[in-house]
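Visitor: I am new to this structure. Please take one part and look at it closely with me.

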There are 2 protein chains.
Amino acid sequence: MTKGTLYGLGIGPGDPDLITLKAYNILRRAPVLAYPAAEEQDSLARSIVERHLPGGQIEVPIRMPMRVERFPAQEVYDWAAEELGKHLDEGRDIACLCEGDPFFYGSFSFLFERMVEHHNVQVVPGVSSLTGCAAVLGAPLATRNDTLAVLPATLKAEELAARLHVADAAAIIKVGRHIEKVRAVLRECGLEENAHYVERATMDNQQWMPLSEMAGANAPYFSMVLMHRRGAAWA
Amino acid sequence: MTKGTLYGLGIGPGDPDLITLKAYNILRRAPVLAYPAAEEQDSLARSIVERHLPGGQIEVPIRMPMRVERFPAQEVYDWAAEELGKHLDEGRDIACLCEGDPFFYGSFSFLFERMVEHHNVQVVPGVSSLTGCAAVLGAPLATRNDTLAVLPATLKAEELAARLHVADAAAIIKVGRHIEKVRAVLRECGLEENAHYVERATMDNQQWMPLSEMAGANAPYFSMVLMHRRGAAWA
């Protein structure tokens with residue numbers, strides 16, 4: 001029997017129409033649908049593609065404790081790899097939904113590293129939150145010979161500052177409860193006025209503002225701070 | 001009369017099916033199609049979406065001298081902004097094709113900065129070459145709390161080295177005739193074995209290899225070097 005293929009499908013940053021034709025077609029014809037989900041909550045990834053689903057697919061939610069600031073429990077991925085492996089062995093293709101792009105800070109990598117040696121795995125790249133946020137802000141992320149730094153907000157303040165000092169443009173991801181530190185570092189670097197905050201880019205409830213106007217001490221998981229030395233965004 | 005909208009459409013890295021549903025729908029219904037093209041050559045951007053075109057659109061090629069290592073002639077964009085402005089004033093929407101993502105090192109920014117103050121401009125984000133290359137290589141670009149540096153190969157060797165020293169992962173873009181310098185810098189940093197070369201990712205004639213096996217002294221415009229400290233790619 002021909003073994004099935006595990007497709008890591010980039011479904012884009014949130015707007016259901018930001019899925020690619022390629023991912024859409026695979027999503028429509030795969031007999032098995034897998035997706036990350038928080039414990040006892042609906043899956044955001046599934047809700048993004050819901051309007052595209054053909055119905056009748058076997059669904060495998062990969063439920064993980066979404067503890068703040070911890071990586072997802074690795075045993076959940078051990079379980080998922082075994083579960084999905086059975087479908088592949090029985091010849092069924094799997095569409096595994098990945099918010100944004102599977103290989104851009106995606107949790108798909110935890111599944112990928114467990115499956116790639118013994119199964120057919122293909123990744124379909126998607127629109128990442130990085131360019132999704134830039135589109136929402138209405139300002140180029142990087143142009144010409146800019147250097148661009150993608151920095152997790154979990155870095156220590158001095159490490160963030162050192163990298164911001166030599167970057168023309170930066171995207172600070174995983175902001176969450178680090179928003180105060182991020183703001184303080186940008187201010188010390190003289191770059192607070194060059195930074196914008198964006199949350200849930202391209203979703204119906206998206207928000208964006210100059211970083212100096214973002215008053216909260218906590219940002220949601222799907223948020224980002226973009227900085228460019230050329231100054232404020234156009235829009 | 002309602003004025004038209006200029007849509008900067010990210011059409012993805014090269015595979016025609018890596019266009020988003022959103023860009024596809026705008027592409028199909030816009031009465032005017034604009035795209036970059038080299039002098040006296042077919043437009044790569046147009047060829048990527050050719051199979052999706054409805055026919056009967058007014059076409060505005062933006063032809064520019066593709067001099068190596070120079071930014072496109074700014075007078076071409078002055079002309080294009082005026083030409084496209086007329087269509088917008090007469091109420092016609094324009095689909096402007098952008099390889100990859102319009103705001104990720106795209107030449108669309110030259111048009112954007114000329115149009116955004118006086119016209120309706122919307123950007124539809126696309127799959128960037130960054131994640132397109134990672135998908136082709138079959139290895140995550142960045143995971144967990146990695147820092148990721150996007151670096152133009154035009155940087156001086158010592159500036160490239162300084163940024164590579166503090167990056168977990170890096171994408172070196174605009175490789176072109178700088179390939180020897182890029183290889184030398186990565187070798188000096190002890191990172192040559194961690195780097196892969198990719199050209200024309202997701203196109204029919206894509207190629208990729210460990211950087212150490214890339215023998216040429218020149219790389220095409222659509223090429224990139226990806227590095228990750230975790231070591232070699234899986235695939």
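What covers the buried residues of helix α5 of chain A?

Guide: First, some ground rules. This is a predicted model: local features need pLDDT of at least 70, side-chain atom pairs count only at pLDDT 80 or more, and totals for chains, interfaces and linings use all residues. Residues are numbered from 1 along each chain as its sequence is written, while chains are lettered from A and ligands numbered from 1 in the order in which they are written.

Now the helix. The cover of the buried residues of α5(A) includes β6, β7 (169–173), β8, β9 and β10 of chain A, together with β5 of chain B. Helices (H or I, at least four residues) and strands (E, at least two) are DSSP runs, numbered from the N terminus. Helix α5 of chain A spans residues 129–137, and nine of its nine residues are buried. Buried means 20 or more other C-beta atoms within 10 Å of a residue's own; exposed means 12 or fewer; partly exposed lies in between, with C-beta atoms placed from the backbone. A:S129, A:L130 and A:T131 are among the buried residues, and so are A:G132 and A:C133. Just after α5(A) comes A:G138, with a positive phi of about 70 degrees.

Next, one of the covering strands. β8(A) covers residues 195–199; five of its five residues are buried, so this strand is largely enclosed by the rest of the structure. Both of its faces are covered. A:A195, A:Y197 and A:E199 lie on one side, with A:H196 and A:V198 on the other.

β8(A) has partners in the cover. Strands pair here if DSSP finds at least two bridges between them. In general, strands of a sheet pair through backbone hydrogen bonds, either parallel or antiparallel. β8(A) pairs with β10(A), residues 223–228, in the antiparallel sense over five bridges. There, A:H196 faces A:L226 in β10(A). β8(A) also pairs with β9(A), residues 207–210, antiparallel over four bridges. A:V198 has A:W208 as its bridge partner in β9(A).

Between β8 and β9 of chain A runs a loop that holds A:T202. A:T202 is not a glycine, yet its phi is positive, about 70 degrees. Most residues other than glycine have a negative phi. A:T202 is buried, with 23 other C-beta atoms within 10 Å.

Now β6(A), another part of the cover. Strand β6 of chain A (residues 148–152) is joined to β6(B) by three bridges, and the two run antiparallel. A:V150 stands opposite B:L148 in β6(B).

That leads to the whole contact between the chains. Two residues are in contact if their C-beta atoms, placed from the backbone, lie within 7 Å. Chain B gives 44 residues and chain A gives 44 residues. On the chain B side, the elements with two or more residues are α1 (21–29), α4 (108–115), β5 (120–124), α5 (129–137) and β6 (148–152). β6(B) supplies the largest share, five residues. By class, the chain B side has 26 nonpolar, twelve polar and six charged residues. Ala, Val, Leu, Ile, Met, Phe, Trp, Tyr, Cys and Pro count as nonpolar, Asp, Glu, Lys and Arg as charged, and the others, Gly among them, as polar.

How do the copies relate? Chain B can be laid on chain A by a turn of 180 degrees and a shift of 0.0 Å along the axis, with an RMSD of 0.0 Å. That is the relation of a two-fold axis. The superposition is by least squares on the C-alpha atoms of residues with pLDDT of at least 70 in both copies. 100% of the interface residues of chain B are also interface residues in chain A, so the copies meet through the same surface.

Last, β5(B), the piece of chain B in the cover of α5(A). β5(B) belongs to an open sheet of five parallel strands, in the order β3-β2-β4-β1-β5. β3 (58–64) and β5 of chain B are the edge strands, each pairing on one side only. β5(B) runs parallel to β1(B), residues 5–10, and five bridges join them. In that pair, B:L6 has B:V121 as its bridge partner.
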